[in-house]
Amino acid sequence: MIAGVKRERDVDEDEDEEVRVKFGRSHVEDRRSRHCPYLDTINRSVLDFDFEKLCSISLSHINVYACLICGKYFQGRGQKSHAYIHSVQFTHHVFLNLHTLKFYCLPDNYEIIDSSLEDITYVLKPTFTKQHISGLDKQGKLYRAYDGTTYLPGIVGLNNIKANDYANVVLQALSNVPPLRNYFLEEDNYRGIRRPPGDIMFLLVQRFGELMRKLWNPRNFKAHVSPHEMLQAVVLCSKKNFQITKQGDAVDFLSWFLNALHGALGGTKKKSSILTKVFQGSMRIFSKKLPHPDLPAEEKEALLLKEEYQEEMSESTFLYLTLDLPTAPLYKDEKEQLIIPQVPLFNILGKFNGNTEKEYKTYKENFLKKFQLTKLPPYLIFCIKRFTKNNFFIEKNPTIVNFPITNVDLREYLTEEAQATEKVTTYDLVANVVHDGKPTEGSYRIHVLHHGTGKWYELQDLQVIDILPQMITLSEAYIQIWKRQDKDDGAESHSGA
């Protein structure tokens, strides 16, 4: 295989050298470069660079060219290469090297230099200037894609390839967190990060950056994006724990993805990354071991005096908070219709007030725990625990959480010391992931706030519609991202973090 790769490279390099010799040093640029007669045969409507850059015949990643007439990928451009043979067989003449971003005319084999092709290279590899990034949340201009549809950059549908909507909604949510998005839009922020040889996890970082740039590209050919390459990196890096073909759990995926990205960016428990700067808060955990419930009362009392049964306090960081729903039965009214119970957000936030005790059972022991927050992050993620798993099946709690969309003040859940130091404790909702249907075969959709217009949108796979804010609170919310009301919204760009 390696030998084949070498040969393919040599063929391309030899032919470039041949052109240089033939036309002399002063004519390295073939005069045909700027007058290729086949540019009008390019079919932009079939071009799709969201899929893995593989030759459609040899399935190799090396030296892959896209045919700009039919959109297929082929390896090499030497005389025996798949791209060359394709150009002769089908009279398709214009090709793009997907790595070098250079255009070639085959079978004549000269490089094409023409400014009219810049839109194609931009779709393949969008780039963002600092100025462009700083203005993303200040306007709500609609852009027209090549296929004629209009769209708002960032509010873009993601293909559901088979059963990956659980991952799509998480990627959509994260792409609408400005400091995180801004960091990944600029590749220079993480290009220099050194990883150990053979470390594949950095692929997640690269693919996530590419996906961010495609979602926010103002010059797309179509108003949706396929997350194919991103998800292939997820399958690979998660050792197939998360699949494209099998429905997964959005909270499980979010938890794994945040931690995997943090690690891939060089973050550790002590060393921060953009993920911890944006999402990490801290809490105090009070934990008390309980005697086994089957013991006689006297034994229980004796055990409670021992040191190992006294309350212990520990400090812990978090990237998201899990909110527990009350186990509410479905009551029936006079008409025998099911009433879905409702609970205010502040009731389930009570878990973090430092007083509410909750029992946690492990395989051997039981503990009583209380929680209190000590530091609030710029962006706070809530995961509402809708699913309980036992040995036989997964059960879903359909309780509706009533929440305001703005001005949620979390001051009362902070320790006294933290209340004195945390200046701003009020949050506004920016993303709301919803799970509809049964536990194992349901589907996901997401509500996102467009910062430039202040409007809310609902995204479900490729479908994008605007939605009234009051409709958001009627859904079975599963993951929420809240933004702290900091005075200077732009101060958190974390560029170069």
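Modeller: Lys-125, Glu-187, Asp-188, Arg-191 and Arg-213 are linked in a network of salt bridges. This is a predicted model.

Colleague: What makes the contact between Glu-187 and Arg-191 a salt bridge?

Modeller: The nitrogen-to-oxygen distance between the two side chains is 3.4 Å. The cut-off is 4 Å between a side-chain nitrogen of Lys or Arg and a carboxyl oxygen of Asp or Glu, so the pair qualifies.

Colleague: Why are Glu-187 and Arg-191 called partly exposed?

Modeller: Glu-187 has a relative accessible area of 23%, and Arg-191 has 48%. Buried means under 20% and exposed means over 50%, so a value in between is called partly exposed.

Colleague: How many salt bridges are there by this rule?

Modeller: The count is 26 salt bridges. One of them joins Arg-181 to Asp-137, with N and O 2.8 Å apart. Since the limit is 4 Å, that distance is within it.

Colleague: Why do you say that this pair ties together parts of the chain?

Modeller: Arg-181 belongs to helix α6 (residues 178-185), while Asp-137 is in the loop between α4 (130-134) and β6 (143-144); the two parts are 44 residues apart in sequence, so the pair ties them together.

Colleague: Is Arg-181 buried or exposed?

Modeller: Arg-181 is buried, because its relative accessible area is 0% and the limit for buried is under 20%.

Colleague: What else does the charged end of Arg-181 meet?

Modeller: The charged end of Arg-181 sits over the ring of Trp-216, 4.5 Å from the ring centre.

Colleague: Which residue lies over the face of Phe-371?

Modeller: Lys-351 does, at 5.5 Å from the ring centre.

Colleague: Why is the pair of Phe-371 and Phe-352 called tilted?

Modeller: Their planes are 55 degrees apart, and the centres are 5.9 Å apart. Centres within 6.5 Å make a pair; under 30 degrees counts as stacked and over 60 as edge-to-face, so 55 degrees leaves tilted. Phe-352 lies in the loop between α13 (345-349) and β16 (358-361) and Phe-371 in strand β17 (residues 366-375), so the pair ties together parts 19 residues apart in sequence. Both Phe-352 and Phe-371 are buried.

Colleague: How many aromatic pairs does the rule give?

Modeller: It gives 20 aromatic pairs. One of them is Tyr-65 with Tyr-104, at 5.9 Å centre to centre and 70 degrees between the planes. An angle over 60 degrees counts as edge-to-face, so that is the label for this pair. Tyr-65 is in strand β1 (residues 64-67) and Tyr-104 in strand β4 (residues 103-105), 39 residues apart. Tyr-65 and Tyr-104 are buried.

Colleague: Which residues do ring pairs link into a cluster?

Modeller: The cluster consists of Tyr-166, Tyr-183, Phe-184, Tyr-190, Phe-208, Phe-242, Phe-253, Trp-256 and Phe-257.

Colleague: What makes Arg-284 buried, and Glu-315 partly exposed?

Modeller: Arg-284 has 17% relative accessibility, under the 20% limit, so it counts as buried. Glu-315 has 47%, which falls between 20% and 50% and is therefore partly exposed. Glu-315 forms a salt bridge with Arg-284, the closest N and O atoms being 2.9 Å apart.

Colleague: What makes the approach of Gln-75 to Ser-60 a polar contact?

Modeller: The side chains of Gln-75 and Ser-60 come to 3.2 Å, and the distance limit is 3.5 Å, so the separation passes. The side chain of Gln-75 also reaches the backbone oxygen of Ile-62 at 3.4 Å. Gln-75 is found in strand β2 (residues 73-75) and is buried, with a relative accessible area of 8%.

Colleague: How confident is the predictor?

Modeller: The average pLDDT is 87, and 89% of the residues score at least 70. Over residues 13-28 the pLDDT is below 50, though this stretch has 12 contacts beyond near neighbours in sequence. Residues 489-497 are also below 50, with 21 such contacts. Where pLDDT is low, the predicted coordinates should not be read in detail.

Terms used. Residues are numbered from 1 along each chain as its sequence is written. This is a predicted model: local features need pLDDT of at least 70, side-chain atom pairs count only at pLDDT 80 or more; totals for chains, interfaces and linings use all residues. Side-chain values use heavy atoms; hydrogens and water are left out. Rings of Phe, Tyr and Trp (its six-membered ring) pair if their centres lie within 6.5 Å; planes under 30 degrees apart count as stacked, over 60 as edge-to-face and the rest as tilted. Helices (H or I, at least four residues) and strands (E, at least two) are DSSP runs, numbered from the N terminus. Buried means under 20% relative accessible area, exposed over 50%, partly exposed in between (1.4 Å probe, protein chains only). A charge sits over a ring if NZ of Lys or CZ of Arg is within 6 Å of the ring centre and within 35 degrees of the ring normal. pLDDT is the predictor's confidence in each residue, from 0 to 100. Contact means heavy atoms within 4.5 Å. A polar contact is a pair of N or O atoms within 3.5 Å; within protein, one must be able to donate a hydrogen and the other to accept it, and residues adjacent in sequence count only if both atoms are side-chain atoms.
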